Amino acid sequence: MAIPNNKLNSIHESLRAGDPVFFEELYSNYFEKLCVYLMSFTSDKNIIHDVVQDSFLYLWANRKKVVITTSMNGYLYRMVYNKLMDSFRKSTKKNDILLSYHKTFLDEVVQVERDVNEERLGKLNQCIEKLPKRCKDVFYQKKIKGIRSKEIASNLDISIKTVEAHMTKAYVLLRGCLKSEKSLI
């Protein structure tokens, strides 16, 4: 049902004239209704109140330029809906940008961590190469190949106690080598 032109003109005139009584009445009549309406799109009351408040501020600030072709009711509901959708778009865009920054940062951190791990492995391999031959053979078979001490003893024709002694010696030498490598950095 169309609003009679004289009533629509009256609303326009009151709004354009900056009639504070008219505006306060408009605000008090519609604020809660508009908030309830927006609850069907989001449950965040802070966003809802901000959007409705911003809509009324916009209406007041642009009262001389606003053209209402339907009813004030229809205009207000459409305005708050559009402002809420704009808010969602801005929020989504901001979240996309933040996620992009987060991903970039994580990629850089992971790359740095890979580089550090590769450097550590390189240093460990250098230190393993510096071990005495028999000690290196025992360490390699035990830790790299995963062979049991009994089998290593049999393969190298040494006792299990000697295998354990070589492993202890390898750990001590590797720890010392890695500490000296670390101090050079």
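**Notebook: the cysteines and helix α2**

I looked at the link of C127 and C177 first: with -80 degrees about the S-S bond, it is left-handed. The model is a predicted one, so I kept to its cut-offs: local features need pLDDT of at least 70, side-chain atom pairs count only at pLDDT 80 or more, and totals for chains, interfaces and linings use all residues. Residues are numbered from 1 along each chain as its sequence is written, and side-chain values use heavy atoms, with hydrogens and water left out.

I then checked how many disulfides (pairs of cysteine sulfur atoms within 2.5 Å) there are, and the structure holds one. The disulfide joins C127 to C177, at 2.0 Å from S to S. This pair links distant parts of the chain, 50 residues apart: C127 sits in helix α4 (residues 72–129) and C177 in helix α7 (residues 160–184). Helices here are DSSP runs of H or I, at least four residues, numbered from the N terminus.

Are C127 and C177 buried or exposed? Both are buried, and buried means under 20% relative accessible area (1.4 Å probe, protein chains only).

Next I looked up C135. C135 is in no disulfide, and the nearest cysteine sulfur, that of C177, is 12 Å away. C135 is buried, with a relative accessible area of 1%.

Last, helix α2. I found 19 residues (20–38) in α2, reaching 25 Å from first C-alpha to last, close to the 27 Å expected; the expected span is 1.5 Å times one less than the number of residues. The buried residues of α2 include Y30, F31 and C35, and C35 has a relative accessible area of 4%.

Notes:
Helix = DSSP H or I, 4+ residues; strand = E, 2+ residues; numbered from the N terminus. Buried < 20%, exposed > 50% of the residue type's maximum accessible area, 1.4 Å probe, protein only.
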